[in-house]
Amino acid sequence: MITIKGKGVVEGVAFGKLSFFQKMQQQVERHKVQDTSAELKRFEEAKKQAMEQLQILYQKALSEVGEENAMIFEIHQMMLEDLDYCESITNIVCSQQVNAEYAVAKTADNFSAMFSSMDDPYLQARAADVKDISEKLIHILMGNTEQSYSFTEPCIIAADDLAPSETVQLDKTKVLAFVTRKGSSNSHTAILARTMNIPAIIGVGDQLKPDFEGKDIIVDGETGNVYINPDTATFDTMRLKKMELDRENSLLAELKGQPSITLDGQTIHLYANIGSVTDTVAALNYDAEGIGLFRSEFLYLENQDYPTEEEQFQAYRTVAENMAGKKVIIRTLDIGADKNIDYFQLPKEDNPAMGYRAIRICLTRPELFHTQLRALYRASAFGKIAIMFPMITSVEEVKQIKEIAAQVRNELKEAGVPFDPSVELGIMIETPAAAVISDQLAKEVDFFSVGTNDLTQYTLAIDRQNPKLDRFYQPHHPAILRLIRMAADNAHKNGIWIGICGELGADLDMTETFLAMGIDELSVSPSSVLKLRQKIRQTDVSKVIPKG
Ligand code: PEP
Ligand code: MG
């Protein structure tokens with residue numbers, strides 16, 4: 001047995017084979033085509049080939065694993081023939097005049113999102129099947145290039161590092177855990193792993209050797225230990241630990257449906273942070289009372305081109321409908337810094353975290369912002385949507401945003417498009433400037449949500465992406481707590497509510513302090529909701545001595 005150690009960023013124990021994530025060589029690109037009928041012919045031929053491949057797989061499975069298990073390949077064949085599926089591909093090719101592989105990829109995204117959001121576990125599982133058959137088609141259309149975002153069986157993913165866009169695109173149903181050589185605990189990849197509740201260890205460095213590929217390993221996300229070819233004693237200890245964690249989780253499950261109220265009667269809203277439409281399943285599963293942060297930029301990261309108003313509308317609408325009347329706070333595009341997207345063609349910057357990002361991009365590229373706001377307002381007719389703006393530093397920015405939002409509302413009203421005119425507009429408090437002028441900002445908006453990840457980065461002048469600085473990254477620093485308290489006091493003096501949606505919101509050592517500050521809402525990764533509820537229900541705020 002070999003033991004290597006990194007930093008555990010998501011708790012949990014996972015057993016499985018190690019598989020190195022191969023960076024995809026050939027991405028599905030979107031390009032215009034003149035001759036759409038030739039493109040449709042390519043699609044039909046690829047479909048025929050895929051059917052043949054599936055038939056061979058079916059026969060092989062029939063002889064090796066029996067009829068019941070082989071049936072999956074029959075189902076895949078039926079899905080390939082599905083009228084809605086084929087029609088969607090044809091429509092995308094013809095209406096957008098684009099290549100077939102793009103149309104297949106887009107259809108796969110839409111259909112799998114739709115399946116994943118369904119209540120029935122059987123239908124949810126079909127999401128993976130749609131992806132599977134679509135990958136097969138794309139594979140054929142692109143001349144058999146290896147598609148490396150999917151794995152044939154569930155495994156523990158190893159990588160040098162994973163960009164947020166890569167993490168987003170991995171087939172999560174096959175990921176048992178993450179182990180990376182690099183990475184920092186506040187990176188978006190760690191946040192995503194937390195949202196997906198997948199055990200994750202980062203920063204193991206060169207101890208992670210390529211020849212561990214395919215080996216049996218155990219990941220302990222709490223201690224940061226990775227065991228390669230574990231001996232029997234380790235195997236047994238870890239199995240017990242996993243059972244204990246499962247037991248704790250089932251105890252926590254008893255808190256579902258219970259109010260988030262302290263012993264002395266103070267209530268707080270417990271919401272979930274999500275990065276995709278399908279994360280609403282986890283949010284509901286862990287009994288979140290709403291969505292406190294939908295990082296809408298992941299819609300852009302998943303795409304090869306700017307998502308259209310219609311595509312965005314469908315995503316926001318689905319989230320709102322899935323949450324069935326519970327509040328859904330959608331943050332407008334927060335791109336830039338570590339979240340880079342090729343098709344945005346952002347200029348290279350020496351200091352991107354302090355550069356052209358988030359609201360600064362939206363206010364200088366109004367067409368982008370306008371499209372997103374239209375989609376958001378249209379979706380507001382289907383649930384309880386609130387809109388939140390990132391990286392605010394001045395009152396002028398907020399005034400400008402409100403003007404653009406008013407224009408969008410007027411446009412929709414004139415066109416007779418339904419929307420909710422009372423959609424709350426809020427801002428993130430994630431720069432020291434915003435916290436310091438929160439008295440003025442509170443007069444302009446309906447709510448604040450504190451982004452402690454960036455607030456810590458900017459207040460302590462510490463790059464949240466730099467693993468070397470992890471030990472200096474101290475979100476409990478009194479400067480941060482004072483800024484949060486200042487924002488909370490100013491929010492309440494002006495009659496608006498304040499939440500926290502950065503990672504610090506889930507820190508159980510801070511819960512009492514946040515309750516004492518009168519924070520109205522905490523938004524955390526779905527898997528942290530119940531732990532936090534437990535902590536809240538055990539707290540007597542009148543006896544708390546707040547930190548900071
Ligand atoms: C934050 O900065 O705390 C936050 C919630 O936003 P993000 O992590 O997406 O930058
Ligand atoms: Mg932020």
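Biologist: Serine 380: buried or exposed?
Modeller: Serine 380 is buried, at 2% relative accessibility. Buried means under 20% relative accessible area, exposed over 50%, partly exposed in between, with a 1.4 Å probe and protein chains only. This is a predicted model: local features need pLDDT of at least 70, side-chain atom pairs count only at pLDDT 80 or more, and totals for chains, interfaces and linings use all residues. Side-chain values use heavy atoms, without hydrogens and water, residues are numbered from 1 along each chain as its sequence is written, and chains are lettered from A and ligands numbered from 1 in the order in which they are written.

Biologist: Where is serine 380 found?
Modeller: In the loop between α12 (366–379) and β12 (384–389). Helices (H or I, at least four residues) and strands (E, at least two) are DSSP runs, numbered from the N terminus.

Biologist: What is serine 380 in contact with, leaving aside neighbours within four places in sequence?
Modeller: Ile385, Phe419, Asp420 and Val423. Contact means heavy atoms within 4.5 Å. Proline 418 is 38 residues from serine 380 in sequence, yet their C-alpha atoms are 8.4 Å apart.

Biologist: Switching to the metal. Which residues coordinate the magnesium ion?
Modeller: Glu430 (OE) and Asp454 (OD) coordinate ligand 2, at 2.0 to 2.1 Å. Donors are N, O and S atoms within 2.8 Å of the metal (3.2 Å for Na, K and Ca); water is not among the atoms, so sites may look incomplete.

Biologist: Which parts does the pair tie together?
Modeller: Glutamate 430 sits in the loop between β13 (424–429) and α14 (432–436), and aspartate 454 in helix α16 (residues 452–459), so the pair links parts 24 residues apart in sequence. Glutamate 430 is buried at 2% relative accessible area, and aspartate 454 is buried at 3%.

Biologist: And ligand 1, which residues come nearest?
Modeller: Of the 16 residues around ligand 1, Arg295, Arg331, Gly451, Asn453 and Arg464. "Around" takes a heavy atom within 4 Å.

Biologist: What lies 2.8 Å from an oxygen atom of ligand 1?
Modeller: A polar side-chain atom of arginine 464. Glutamate 430 also places a polar side-chain atom 2.9 Å from a ligand 1 oxygen.

Biologist: Now the fold. How many strands are in the barrel?
Modeller: Eight, in a closed barrel running β9-β10-β11-β12-β13-β14-β15-β16, with parallel pairing. Two strands pair if DSSP finds at least two bridges between them.

Biologist: How many bridges join β9 to β10?
Modeller: Three, between residues 269–274 and 290–295. Alanine 272 has isoleucine 291 in β10 as its bridge partner.

Conventions
A polar contact is a pair of N or O atoms within 3.5 Å; within protein, one must be able to donate a hydrogen and the other to accept it, and residues adjacent in sequence count only if both atoms are side-chain atoms.
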